[in-house]
Every structure is written in C-alpha cells, then in structure tokens.
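Hi,

Here is the structure I promised to pass on. Have a look at it first, and my notes follow below.

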Amino acid sequence: MTESEKNSKVRIIRLSKIRDRRGNLSVVDNKSLPFKIARTYWIYDVPSGKDRGGHAYHKSHEIIIALSGSFEVYTNDGTNEKSYRMEHCDKALYIPAGTWRQIRNFATNSTALVIASTPYSPRDYIRDFDTFCEQKKASHERDNH
C-alpha cells in the first residue's frame, strides 16, 4: 500500500499512552499524525439528540478524539459507510479529505477534540450529502476512464 493509499482510508490511530500511578498521559504531535496540524477545535455541550458535522472537505484531513465521554462518528467515502464508537482518549479517528462525516449520539458531558490539516475555509466544505455523492460518482467515473 502506497503512502497516498494509506492516507486515503478512514482508520483508528492508537496514540501513545504513558501509564503512571498518578494518571495516564497521551500525546498528539506532528510525528504521530498523517498530516501537519494547522487547526484544533473541540465540540462540547451538545444537546441530547443533536448531531454535529454533516459535511465533507475537499482538502482538509481530520483527526477526532473523544477527550471525555463517548459518541459515534459516521463516515462515508462515496463507496463505503461505517460508524466508529469513540470512547477512549488514546484512540484517534483519522478522516481523510473527501469523506463525509457526522458525529452522533453524544453521551452527557462528552468532548470531541478535532485536529485539522488546514486552516478554516468555508470554500473547503461540502455541506450537502447529495452534492457529495454526485461529486464522488463523477470522480469515480473520471478515474475509471
């Protein structure tokens, strides 16, 4: 598998976990991620029954970590869809560009840390799922001709 192919797949990344009787410590840095960190934000106080995300990016790659509590991340790459239960802060979900994501089923007091490969740009977003599917289909047809 080439580096490009490896970085095109949604996957769980195990973060370092330093165990100590005083408590555990995990580290995220540019060495542990498949991209350089350009932006970091967190999602919290999500009301019961509400979802976050519901978009894809043209260029940005992301890492999502459950810092506290738990939630599910639904992903769709135009061919495969999968749901990941995030509940351990030493596991990160890598989501490459061109992947639809939606964060669902937040437990009370959950915090999702998101680390992105690009600064915020509204032009990078694909916010409509039907448009996302049409773009993926067109891209797949171009690649197969």
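Before I go on, a word on the basis. This is a predicted model, where local features need pLDDT of at least 70 and side-chain atom pairs count only at pLDDT 80 or more, while totals for chains, interfaces and linings use all residues. Residues are numbered from 1 along each chain as its sequence is written, and side-chain values use heavy atoms, with hydrogens and water left out.

**Positive phi**

Most residues other than glycine have a negative phi. Asp45 is not a glycine, yet has a positive phi of about 55°. You'll find Asp45 in the loop between strand E4 (39–44) and strand E5 (52–57); strands (E, at least two residues) and helices (H or I, at least four) are DSSP runs, numbered from the N terminus. Asn105 has a positive phi too, near 55°, and sits in the loop between strand E10 (100–104) and strand E11 (111–116). With 47% relative accessibility, Asn105 counts as partly exposed.

**Salt bridges**

I take a salt bridge as a side-chain nitrogen of Lys or Arg within 4 Å of a carboxyl oxygen of Asp or Glu. That rule gives five of them. One joins Lys17 to Asp90, with 3.9 Å between the closest N and O atoms. The two partners are 73 residues apart and link distant parts of the chain: Lys17 is in strand E2 (residues 16–18), Asp90 in the loop between strand E8 (81–86) and strand E9 (91–95). Asp90 is buried, at 12% relative accessible area, whereas Lys17 is partly exposed at 35%.

Arg22 pairs with Asp20, and there the closest N and O atoms are 2.7 Å apart. Arg22 is exposed at 72%, while Asp20 is partly exposed at 32%. Arg85 and Glu87 also form a salt bridge, 4.0 Å from N to O, and together with Glu72 they are linked in a network. Arg85 is partly exposed at 40%, as is Glu87 at 43%.

**The sheet**

Five strands make an open antiparallel sheet in the order E1-E9-E6-E11-E4, where two strands pair if DSSP finds at least two bridges between them. E1 (11–14) and E4 stand at the edges with a single partner strand each, so one side of each has no neighbour in the sheet. On average, neighbouring strands here are turned by 25° against each other, direction ignored (axes are lines fitted to C-alpha atoms). Strand E6 (residues 62–68) pairs with E11 over six bridges in the antiparallel sense, and Ile65 stands opposite Leu113 of E11.

**The largest pocket**

What about the lining of the largest pocket? Helix H2 (residues 129–143) gives the most to it, with seven residues. By class, the lining has five nonpolar, 11 polar and five charged residues (Ala, Val, Leu, Ile, Met, Phe, Trp, Tyr, Cys and Pro are nonpolar, Asp, Glu, Lys and Arg charged, and the others, Gly among them, polar).

Cheers

Key: Buried means under 20% relative accessible area, exposed over 50%, partly exposed in between (1.4 Å probe, protein chains only). Axes are lines fitted to C-alpha atoms, for helices over the stretch in contact, and angles run from 0 to 180 degrees between N-to-C directions.
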